[in-house]
Amino acid sequence: MSKKIAIIGSGFSGLSAAAYAAKEGYEVHVFEKHSQPGGRARQFTTTNGYTFDMGPSWYWMPDIIERFFNDFYYSTNDFYELVSLNPQFEMIFKEGSLTIPKNYSDLKLLFEELEPEAGEKLDAFMKAAKYKYQVGMQEFVNKPCHSWLEFASPKIALSALKLNLLSNFRTYVKKYFKHPKLQALMEFPVIFLGASPNKIPALYSLMNYGGYALGTWYPMGGFYQIILAMQKVAEKQGVIFHFNQNVQKIITKNNKAVALETNNETFAFDSIIASADYHHVESLLEAENRNYSEKYWENKTFAPSCLIYYLGFNCEIKNLKHHTLFFENDLNKHINSIYKDKNWPNEPLFYACCPSKTDSSVAPKGHENVFLLMPLATGLKDDEPTREHYFKEMITRLEKHTGTQNLLSNIDYKQSYCVSNFIADYNAYKGNAYGLANTLNQTAVLKPSIQNKHIKNLFYTGQLTVPGPGVPPSIISGKIVALEAIKQFKKQSNLKIVK
């Protein structure tokens with residue numbers, strides 16, 4: 001009789017863990033609070049013809065996502081069509097804008113226009129970033145991080161200086177580029193990692209390679225196509241999904257997790273992998289069986305929450321790209337509002353995604369589908385008047401940039417989402433949107449452990465543990481944890497044979 005594994009949550013890490021565990025012959029059951037898979041990457045449709053991705057919208061590091069499907073003898077092409085965006089995105093500044101082209105040779109020319117010899121410096125930057133990407137995404141991110149000894153390989157030791165582990169990203173970028181627009185462009189990708197560029201290790205210049213060099217992509221039908229594809233892969237391995245099942249308690253006995261209590265039903269299992277919010281999962285255990293105290297979580301640096309608006313417009317919006325970053329205000333002031341002051345920003349930056357520029361299926365003909373996102377500190381009060389204040393500011397700046405007037409009167413769908421929604425829907429600690437920030441003192445072994453220290457058959461995966469926030473890292477996280485759970489089963493089996 002095969003061992004039974006429960007997965008709590010069906011986000012990217014949960015789907016990944018489920019597929020890898022089932023591939024090895026284990027009976028895997030996924031318990032999801034909502035009526036559909038995806039977690040933060042869910043999708044919804046409206047009665048008047050719009051389709052909105054609720055979370056991730058940047059398709060970077062396509063090779064990492066492709067690798068997941070290859071592990072099951074599939075390709076992304078078997079499930080969805082990927083389109084390479086050109087331009088990749090646009091950045092709006094107080095004085096002018098930068099449109100980031102698809103081709104690297106054109107990107108070099110753009111750099112040269114802004115700063116003499118910046119094209120050659122970009123080559124040097126990207127050469128170093130490519131090396132970090134190859135070592136980081138093959139060696140670093142696949143470690144379970146139980147001990148620093150896991151990193152004591154000859155390749156990592158020889159690479160230590162080239163990886164720039166101890167220098168911060170902002171200082172590193174300034175060594176290459178002096179123009180403020182180029183600095184902002186190169187710093188932008190690490191915002192996904194959830195901290196100020198001066199707190200992020202320069203190792204993460206690998207993000208620039210994973211984005212600008214490998215390109216920005218879009219899966220036709222929306223980002224949710226990745227979730228649906230991963231679900232199909234998992235089901236092909238025999239995974240069983242249980243939707244509308246809210247896990248209320250992890251039942252333990254003799255220092256082992258033996259069952260889940262969901263909607264007042266009890267299901268017995270031999271091992272449990274939690275893909276839900278780490279802090280929340282700990283609350284499902286008795287206090288003495290938790291890895292970390294409340295004080296531990298209070299002292300951690302979390303990636304931001306955000307204010308999101310899902311908008312449908314009954315008109316076309318000219319001069320708006322698929323991805324647009326509104327950086328007219330000071331980046332440092334906005335970052336300080338998130339991590340230092342922990343207040344709503346006075347002069348915010350925000351991001352606009354308009355997938356209807358690429359995909360006609362996400363909005364009625366002649367209409368636009370727009371997603372506005374403004375990063376925020378976690379734990380803020382987000383009442384409706386406050387949300388509306390920032391909504392009007394974002395719309396005003398959108399009108400100014402596009403030259404489209406009276407956008408408010410052309411809205412035929414509007415829905416906001418903010419801190420309290422992240423808490424209600426995902427039990428997200430203080431409403432965080434992206435997990436734990438990848439700061440130097442929250443990297444690798446210094447992240448929350450993937451295994452419970454008291455309940456040895458309870459594991460954790462996702463953006464609050466290794467390797468970190470983001471879609472590709474979450475997919476990798478699921479694989480790491482599934483293999484660790486399987487390793488434990490095999491070890492126990494060998495011990496029984498010896499006896």
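Student: Is serine 16 buried or exposed?
Tutor: Serine 16 is buried, because its relative accessibility is 0% and the cut-off for buried is under 20%. Keep in mind that this is a predicted model.

Student: Which helix holds serine 16?
Tutor: Serine 16 sits in helix H1, residues 12–23.

Student: And what does serine 16 touch, not counting residues up to four places away in sequence?
Tutor: Its contacts are Phe68, Met230, Ile475, Gly478 and Lys479.

Student: New topic: sheets. In what order do the strands of the open sheet come?
Tutor: The order is S9-S2-S1-S13-S19. That makes five strands, and the pairing is parallel.

Student: Which strands are at the edges?
Tutor: Strand S9 (240–242) and strand S19 (458–460). Each of these two pairs on one side only.

Student: How many degrees are neighbouring strands turned against each other on average?
Tutor: The average is 20 degrees, with direction ignored.

Student: Zoom in on S1 and S13. How many bridges join them?
Tutor: Four bridges join S1 (residues 4–8) to S13 (residues 271–274). The two strands run parallel.

Student: Which residue in S13 stands opposite isoleucine 7?
Tutor: Isoleucine 273 does.

Student: What about S10 and S11, parallel or antiparallel?
Tutor: Antiparallel. Six bridges join S10, residues 247–253, to S11, residues 256–262. One of the paired positions is isoleucine 250, whose bridge partner in S11 is leucine 260.

Student: How many residues lie between S10 and S11 in the hairpin?
Tutor: Two residues. In the turn, asparagine 254 has a positive phi of about 50 degrees.

Student: Switching to charges. How many salt bridges are there?
Tutor: The count comes to 14 salt bridges.

Student: Give me one. Which glutamate pairs with arginine 397 at 2.6 Å?
Tutor: Glutamate 328, with 2.6 Å between the closest N and O atoms.

Student: Which glutamate forms a salt bridge with arginine 397 at 3.1 Å?
Tutor: That one is glutamate 393. Arginine 397 and glutamate 393 are about one helical turn apart, because they are four residues apart in helix H13. Glutamate 393 is partly exposed, at 22% relative accessibility.

Student: Which residues do the shared partners join into one network?
Tutor: Glu328, Glu393 and Arg397.

Student: What does lysine 333 pair with?
Tutor: Lysine 333 forms a salt bridge with glutamate 347, and their closest N and O atoms are 3.8 Å apart. Lysine 333 is in helix H12, and glutamate 347 is in the loop between H12 and strand S16 (350–353). They are 14 residues apart. Glutamate 347 is partly exposed, at 38% relative accessibility.

Student: Last stop: where is phenylalanine 371?
Tutor: Phenylalanine 371 is in strand S17, residues 368–376. It counts as buried, because its relative accessible area is 5% and the cut-off is under 20%.

Student: What is phenylalanine 371 in contact with, leaving aside neighbours within four places in sequence?
Tutor: Its contacts include Asp53, Met54, Gly55, Ile308 and Tyr351. Cys353 is another one of them.

Methods:
Residues are numbered from 1 along each chain as its sequence is written. This is a predicted model: local features need pLDDT of at least 70, side-chain atom pairs count only at pLDDT 80 or more; totals for chains, interfaces and linings use all residues. Side-chain values use heavy atoms; hydrogens and water are left out. Buried means under 20% relative accessible area, exposed over 50%, partly exposed in between (1.4 Å probe, protein chains only). Contact means heavy atoms within 4.5 Å. A salt bridge is a side-chain nitrogen of Lys or Arg within 4 Å of a carboxyl oxygen of Asp or Glu. Two strands pair if DSSP finds at least two bridges between them. Axes are lines fitted to C-alpha atoms, for helices over the stretch in contact, and angles run from 0 to 180 degrees between N-to-C directions.
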